Amino acid sequence: MGAGDMEFSNINSGAISDAEKPQSYVVDADDVSPIEEVRLCVPTTDDPSMPVWTFRMWLLGILSCGLLSFLNQFFSYRTEPLVITQITVQIAVLPIGQFMAAALPKSQFRIPGFGDRKFSLNPGPFNKKEHVLIAIFANAGSAFGNGPAYAVGIVDIIKAFYRRNISFVAGWLLIITTQVLGYGWAGLLRKFVVEPAHMWWPGTLIQVSLFRALHEKEEKRFTRAKFFLIALICSFSWYVVPGYLFPTITSISWVCWAFTNSVTANQLGSGMTGLGFGALTLDWSAVSSYLGSPLMTPFFAIMNIFVGYFLIIYLVLPIAYWKYDLFGARKFPIFSSDLFTSQGQNYDITAIVNNNFELDIPAYELQGRINLSMFFALTYGFGFATIAATLTHVGFFYGREVYEKFRASYQSKDDVHTRLMRRYKDIPSWWFYVLLAVTFAASLVLCIVLKKEVQMPWWGLVFACILAFVFTLPISIITATTNQTPGLNVITEYVMGIIYPGRPIANVCFKVYGYMSMAQAISFLSDFKLGHYMKIPPRSMFIVQAMGTIIAGTINIAVAWWLLTTVENICNPALLPDNSPWTCPNDRVFFDASVIWGLVGPRRIFGVLGNYGSLNWFFLGGALGPFLVWLLHKAFPKQSWIPLINLPVLLGATGAMPPATPLNYNAWIIIGTIFNFFVFRYRKAWWQRYNYILSAALDAGVAFMAVVLYFCLGMEQVSIDWWGTAGDHCNLSTCPTAKGIQIDGCPLY
């Protein structure tokens, strides 16, 4: 039996014949990867007889994909939108898979139509390859760590913010095509950025290490599974307090409580709508929302984010607001992602949208220019700087390395991992060509037949695809060698906003097809590299990724449709009760972006017709910053601290704001420092054994209790009303401080 035939046999059956009993393929001692980190983490052995397409893999994979896509979409509308990633499933399914291996019958049977091939529900011990494929399924369910599919945001803003209609079919096509289009780019580029040894994808090594650790035999009585179960029960039980009984402890803004009548104290102290000075939380969802679990982030990265966050929020923002009153900042709240008129009132966006879902110029001129809070304006400025700084930082500090590794990938021979993967049948190129052609055709149908719903013309789709294809290869190379992924979403918004202004949905559709399909391609390629390191048959990876993407996208749109049509006033905080979690902070930012870049257009915000043209200088500042650091490093090469100045990280530290708030950052930094500095340094054995397990258990416990609370109490509209359910009690934090600006509920200066 050849290697290719062995793959087919093991994939399609759960049985292992005597001829197929595991025999690891071991390489010579000098036959190693040229990348040291890969040599330390990735084993140079493979057991091609391991069954892959087992009943356990299909059952647990599809269930985990469905569960994560449901939970992440459900949570995306909440004030603290917890993202449950594949690591939770990676840890949780291990004891379940081991239980199934012990409990399911091992008897073999035949299925009509499959000849003499035998099948079994239980082909043997639960193995690493099954586990990896289940994790790939789960990764699709969490949109590769992003939560729900990005394109769902378009459906959300049309229905919940613009109060217009989009059909379910158009929404489903939009979500599926943008995801699968990225898969097509990934397939075309797989030979360039997955197989070469120098394209090593540093982020995948964490997953490889975790898989190896989980499948080591445990000798201690207090196993990881027991720890996970106990932590899960504790997290599940506790979340009923911040999730229902006492929501105020989600944001303990004690400065506001001490100075309830002071606007300045409220602005300083509110964790949700202020600078969060001293704000704390006892709610895990507030800790891990937006930034992910702090237990998963290395301490040096936490410190980089802390420095950037502190400088921007506690130095630059207060000076710009209180000292210089930039852009008339004191007419508006200090910390807000809303849009305002020149007199500090909320901008009535629906009033400037005509019947064709385009900008109504006379209505816009009547209401006046759009104004941003000081925080929101600085967010865009630092966002511009981060984009430019990322490109120049990678160019100056990693450019030669990227070029040399890319060139070496063609000049050097295959490494051990690529040779081991030659045992398995490769994915035919025509699979990707067909997939790309079908997806592009479906996207054209969406843009031509359903153009009234998505606004984007066919040439916009073609332009977006060209943009995505051109950028996917260089950015994949950067990610594969430096673990940094430049974010180009603002560029796509800016370009389409200039070319095709006045059409908000066309702009966000262009962004999704141009930028997000590229981001999806990079995520797919990262998963392919994980499969490469773990020796997963390529065709198995293809089918699992494709199925997981379609299942997850379908569940995403179904859950979105259900909530958007059943939760009254969803995404409208002004009409929701004080303690309602359905405030949609992510969609609010997405909506604001559609207004700024699409409806009104960059010329009327950041151009000569707007108030914020000076923010474009941040592009130049961001581009020059890394060059100056590089020159400093060349002038003083012995100063080892100079190359540690990572301007993209420092400038982009607050990139999650909005919708993230200072409360999220405060809690994330504190918890991350405790576990990844103090525990890691002084209790390293405990950290190594239980740190990731604890993170997964906390996420899972909160997620399950939140769903239980909604189905048992939320849908029945059973609520309690007392001081502890009335928000963070910083009622004056959103007030302006300029003279003569009158806002309901705020003092007049």
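User: How many Å apart are the end C-alpha atoms of helix α5 (residues 128-141), and what should its 14 residues span?
Analyst: This is a predicted model, in which local features need pLDDT of at least 70 and side-chain atom pairs count only at pLDDT 80 or more, while totals for chains, interfaces and linings use all residues. Residues are numbered from 1 along each chain as its sequence is written, and side-chain values use heavy atoms, with hydrogens and water left out. Helices are DSSP runs of H or I of at least four residues, strands are E runs of at least two, and both are numbered from the N terminus. The expected span is 1.5 Å times one less than the number of residues, so α5 should span 20 Å, and the distance between its end C-alpha atoms agrees at 20 Å.

User: How many of the 14 residues of α5 are buried?
Analyst: Buried means under 20% relative accessible area, exposed over 50%, and partly exposed in between (1.4 Å probe, protein chains only). Helix α5 is largely enclosed by the rest of the structure, because the buried residues number 13 of the 14.

User: Which residue forms a salt bridge with lysine 129?
Analyst: A salt bridge is a side-chain nitrogen of Lys or Arg within 4 Å of a carboxyl oxygen of Asp or Glu. For lysine 129 the closest N and O atoms of the pair are 2.8 Å apart, and the partner is aspartate 46. Lysine 129 lies in α5 and its partner in strand β2 (residues 45-46), so the bridge ties together parts 83 residues apart in sequence. Both are buried; the partner is aspartate 46.

User: Is threonine 250 buried or exposed?
Analyst: Threonine 250 sits in the loop between α10 (240-245) and α11 (254-258). Leaving aside neighbours within four places in sequence, its contacts (heavy atoms within 4.5 Å) include Glu80, Asp283 and Leu663. Its relative accessibility is 10%, so threonine 250 counts as buried.
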